[in-house]
Amino acid sequence: MAEFIRARSGAQKEQRLQEIKRAADQLFHERSYHEITLKAISEKLGWSHAALYKYVTTKEEIFLELCADAREDYCASLLSAYPEGCSYSLDVLAEVWTEQLNSHRDYLAYSDLLFTIIETNVSAERLAVFKRGYFDGMDRLAERFSKNLGADASNLYRLFNSVTFHAVSINGWCSENPLVAEALEIAGLEQHAPDFKEEMRDFIGMCLSHYCSSAQDA
């Protein structure tokens, strides 16, 4: 095992945290969540368990950060794809939004664990920072969509939540799970996973029509 040198400066600490997150993210794409432990993460890093504990105390702290990073990437990409003053029709906007969701499936996978697992084993202080970031992102999106669509911002928060929660659910349904596949085979059942992009495009179009069409027609 390589010699571990504890970070002294803020920049060094941030570098260590980035290394931790990269290792956890790699494991997330290799194993199921319950198989990922702090021991597994420290081994992936080539650190001792004690060295990892200098920065985090639970794996949920790491995954909360990963979810926050993925959320920020998603919000920034959606804002970039839907710039201020853009006059996309609702159908085109549904296509654009679907592409952004499809390109950020990692955010959906992390969010699938958020409420029932990740948020149950972190400090209130860490969770407060995460929640503040979430609502800041929602505010940025609501402002952009409200200006471009002429829609009521209060409706847009409901729109974003509806789309996100549905996307998380569909992404989980579409994800390959060997145990589920084996169970269905034993039960003599055929798995019918939806097409993620087709499902989300239709759902987003329906939501946009419900929450925003009257504003565009005005």
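1. A word on classes before we start: Ala, Val, Leu, Ile, Met, Phe, Trp, Tyr, Cys and Pro count as nonpolar, Asp, Glu, Lys and Arg as charged, and the others, Gly among them, as polar. With that in hand, the lining of the largest pocket divides into 9 nonpolar, 7 polar and 6 charged residues. Please keep in mind that this is a predicted model.

2. How much space lies in the largest pocket? The volume comes to about 800 Å³. Its lining is made up of 22 residues, and those nearest the centre are Arg-31, Ser-32, Ser-175, Glu-176 and Asn-177. Two or more lining residues come from each of α6 (105–114), α8 (153–174) and α9 (178–187). Helix α6 gives the largest share, with 6 residues.

3. Next comes the second largest pocket, at about 200 Å³. Here 13 residues form the lining, with Ser-111, Leu-114, Phe-115, Thr-164 and Phe-165 nearest the centre. The elements that each give two or more residues to this lining are α4 (59–81), α6, α7 (124–149) and α8.

4. Which element gives the largest share of the lining of the second largest pocket? That is α6, with 4 residues. By class, this lining holds 8 nonpolar, 2 polar and 3 charged residues.

5. One thing to look at on screen is α6, which provides the largest share of the lining in the largest pocket and also in the second largest pocket. Helix α8 is worth a look too, as it gives two or more residues to the lining of the largest pocket and to that of the second largest pocket.

Methods: Residues numbered from 1 in each chain as written. Predicted model: local features only at pLDDT ≥ 70, side-chain atom pairs only at ≥ 80, totals over all residues. Heavy atoms only, no water. 1 Å grid on protein atoms, 1.4 Å probe; cavity = no way out; pocket = protein on both sides within 12 Å on 5 of 7 lines; lining within 4 Å. Points joined across faces, edges and corners; volume = space filled by probe spheres on them.
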